[in-house]
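Q: Could you walk me through this structure, feature by feature, and show me how to read each one?

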Amino acid sequence: MFDPRQFRSDFPILNQEVNGRPLVYLDNGASTQKPRCVIDALTHYYEHDHSNVHRGLHDLSNRATAAYEKARSTLARYFNARSENEIIFTRGTTEGINLVANSWGRQNLKSGDIILLTEMEHHSNMVPWQLVAKATGANLRYLPVTENGASLDLSRLDEFLTPEVKLFAFTHISNTLGVINPVRELCRKAKTAGALTLIDAAQSAGHDLVDVQAIGCDFLACSSHKMAGPTGMGVLYGREELLNAMPPWQGGGEMISRVTYEGSEWKPAPARFEAGTPNIADTIAFAAAVDYLDGIGREKIASYDHHLAMIAFEKLSALGFLRILGPRPGQSERAGLLTFTMEGVHAHDITEMANQSGVALRGGHHCNQPLMRKLGAPSSTRASFYFYNTEEEIDVLVDTLKKIKNFFAP
Amino acid sequence: MDLEELYQTVILDHARRPRNHGPLPEPCQKARGDNPTCGDEVTVYLHVDSEGKIEGLKFDGQGCAISQASASLMTVKLKGRTKEEALGMLYTFHDHLTGKTSEDLPGNFGDLIALAGVRKFPQRVKCATLSWNALKQLLQE
């Protein structure tokens, strides 16, 4: 049996009181906390090895370069990429998606083409495509979700995957509904239809095995800070031949092979997409984070996430005054998060009051405005779990929600 | 306790039973206030008579207890006042909540004084001023 207590002490931040109560951190979907080893990796780098990468010929630069490139190998292994050249370091999921939209999108999309998204996409996998669609004349289509956001409506996938679809971009795990999408099947169908695929792995990369070869995707983006790593850091995976056929999207140092006053030639991926001095320290700490996650075991994390979600679902539905969005047990796979509404009480009032009990929740539209409108829940509250959360913390959440209900809508 | 200062009885009352809720008949001025962090949307409807007096003031939309109560109290307190009076109160209210002034709200704010506690919760100031900002646009048109 998985015991979260053996890992809690790795996270210094969890050991504190908020408003006089022990912190119950249930906002992991927004950002997870960092273990000591990640914080140490940052400090160690700045105390011992820092210099600029890829250019100096002195010891510090060599050490920084070696650690930076080792991080690339670590991340390539973590996602089972074919080579390190398929791993581009970014500021996060949003930047990874914007990179593909601006580089691949502007090169390959034309009027009449279709970019297929789903109704459950986060704004970050929607707005970049809206921008590139406007610039290229391509159109957007959205694969619908079923009732209450229980899953994607897979019965309509074939109808949406028309020959005009050049790219199908979808989330692995919905940050609001908790739905785990059948990514292998989605990629297989898209490939048959002649479309490339991009996966938003922001909510999945730190919670389960994400094997890009087994999944069969063309691009995949994630954020370090949602997987125990530092903020401002992420990875874009792309198939090497695709990346090497794409133009750069930012110009500068490190991405060129030859520069004249008239023009320049580009290095191949990944350097082509990493102009300027990169975020060296956070890259190294990101690698420490994924090593830490693998030390625990990602399959164990995934099954514990699911376990917590099922307990929370049962206890929160038993309260009788909440509407829980997304799949009911048995409908489709659920990740470790639960989004709900309380009749007559707004999400901001719920999160404000929960905060007074030391419980950190997220309230609002969760960067899913169109989806929330469709589900008739313009504002909702989310509890999202990680492997350091305990069943007792779910009990604290339940007690807190009872108090909130009594206060606002007795 | 702080929370009771934020959620005073009069605020909960106006949040549960908002006054002047719903649109005004056309023709009237209207403006929308959006809070992109939470997705709250409030529409304020205004009718000013030929003498510059606020003859009609209503709102609709959805939001948290603070934004709904603030909108409701605003309509109750500003209806019947002149545009200039309303703008003056609007600035006083805004400066008070954002901490630009440390003076208490004047007595003519009546029940609106219940919202003074919001200044201790900076993340909620946007909720309390959502409808007021929409009204400001209309009064300045």
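The dialogue below goes through the numbering, a strand, the cores, a helix, the chain contacts and some backbone details.

Q: How are residues, chains and ligands labelled here?
A: Residues count from 1 along each chain as its sequence is written, while chains are lettered from A and ligands numbered from 1 in the order in which they are written. Keep in mind that this is a predicted model: local features need pLDDT of at least 70, side-chain atom pairs count only at pLDDT 80 or more, and totals for chains, interfaces and linings use all residues.

Q: Let's begin with a strand. Is β17 of chain A enclosed or open, and why?
A: Two terms come first. Helices (H or I, at least four residues) and strands (E, at least two) are DSSP runs, numbered from the N terminus. A residue is buried if 20 or more other C-beta atoms lie within 10 Å of its own, exposed if 12 or fewer, and partly exposed in between, with C-beta atoms placed from the backbone. In β17 (residues 380-384) of chain A, five of the five residues are buried, so the strand is largely enclosed by the rest of the structure.

Q: Which residues of β17(A) lie on each side?
A: In a regular strand, side chains alternate between the two faces of the sheet. Here A:Ser380, A:Arg382 and A:Ser384 are on one side, A:Thr381 and A:Ala383 are on the other, and all are buried, so to speak covering both faces.

Q: Which strands pair with β17(A)?
A: Two strands pair if DSSP finds at least two bridges between them. β14 (residues 337-342) of chain A pairs with β17(A) in the antiparallel sense over four bridges, and A:Leu338 stands opposite A:Ala383.
A: Residues are in contact if their C-beta atoms, placed from the backbone, lie within 7 Å. Leaving aside neighbours within four places in sequence, A:Ser384 is in contact with A:Leu26, A:Asp27, A:Asn28, A:Gly29, A:Gly336 and A:Leu337. A:Ser384 has 31 C-beta neighbours inside 10 Å and therefore counts as buried. A:Ala309 is 75 residues from A:Ser384 in sequence, and their C-alpha atoms are 8.5 Å apart.

Q: Which residues touch the most other members of the largest nonpolar core?
A: A nonpolar core is a set of buried Ala, Val, Leu, Ile, Met, Phe, Trp, Tyr and Cys residues joined through C-beta atoms within 7 Å. The largest one has 117 residues, of which A:Leu220, A:Tyr237, A:Ile284 and A:Ala289 touch the most other members. Helix α10(A) gives the most to this core, with eleven residues. Domain 1 (5-30 + 298-408) and domain 2 (39-294) of chain A both contribute residues, so the core lies between them; the domain bounds come from an automatic or database domain assignment. A second, separate core of 34 residues includes B:Ile11, B:Leu97, B:Trp132 and B:Leu135.

Q: What does A:Ile284 touch?
A: Not counting residues up to four places away in sequence, A:Ile284 touches A:Ala41, A:Tyr45, A:Ala67, A:Tyr68 and A:Ala71.

Q: Which residues of helix α7 of chain A are buried?
A: An α-helix has 3.6 residues a turn, so residues three or four places apart point the same way. In α7 (residues 183-192) of chain A, the buried residues are A:Val183, A:Leu186, A:Cys187 and A:Ala190. Seen down the helix axis, they fall within an arc of 95°, so they line one face of α7(A); the arc is that of the directions from the helix axis to the C-beta atoms. Their cover includes β7 (165-171), β8 (196-200) and α8 (212-215) of chain A. Just after α7(A), A:Gly194 takes a positive phi of about 85°.

Q: How many residues of each chain are in contact with the other?
A: In chain A, 14 residues are in contact with ten residues of chain B. On the chain A side, α12 (347-356), β16 and α13 (369-374) each give two or more residues, and α12(A) gives the most, with five. By class, that side has five nonpolar, eight polar and one charged residues. Ala, Val, Leu, Ile, Met, Phe, Trp, Tyr, Cys and Pro count as nonpolar, Asp, Glu, Lys and Arg as charged, and the others, Gly among them, as polar.

Q: Now the backbone. Where are the cis peptide bonds to look at?
A: Most residues other than glycine have a negative phi, and most peptide bonds are trans. The bond from A:Ala269 to A:Pro270 is cis, with omega near 5°, and A:Pro270 is in the loop between β12 (264-266) and α10 (280-296) of chain A. Another cis bond joins B:Glu26 and B:Pro27, with omega about -5°; B:Pro27 lies in the loop between α2 (9-16) and β1 (29-35) of chain B.

Q: Is A:Ala228, with its positive phi, buried or exposed?
A: A:Ala228 is not a glycine, yet its phi is about 75°. With 28 C-beta neighbours inside 10 Å, A:Ala228 counts as buried, in the loop between β9 (219-223) and β10 (234-238) of chain A. A:Asn19 also has a positive phi, of about 50°, but with 13 C-beta neighbours inside 10 Å A:Asn19 counts as partly exposed.

Definitions and conventions. Contact = placed C-beta atoms within 7 Å.
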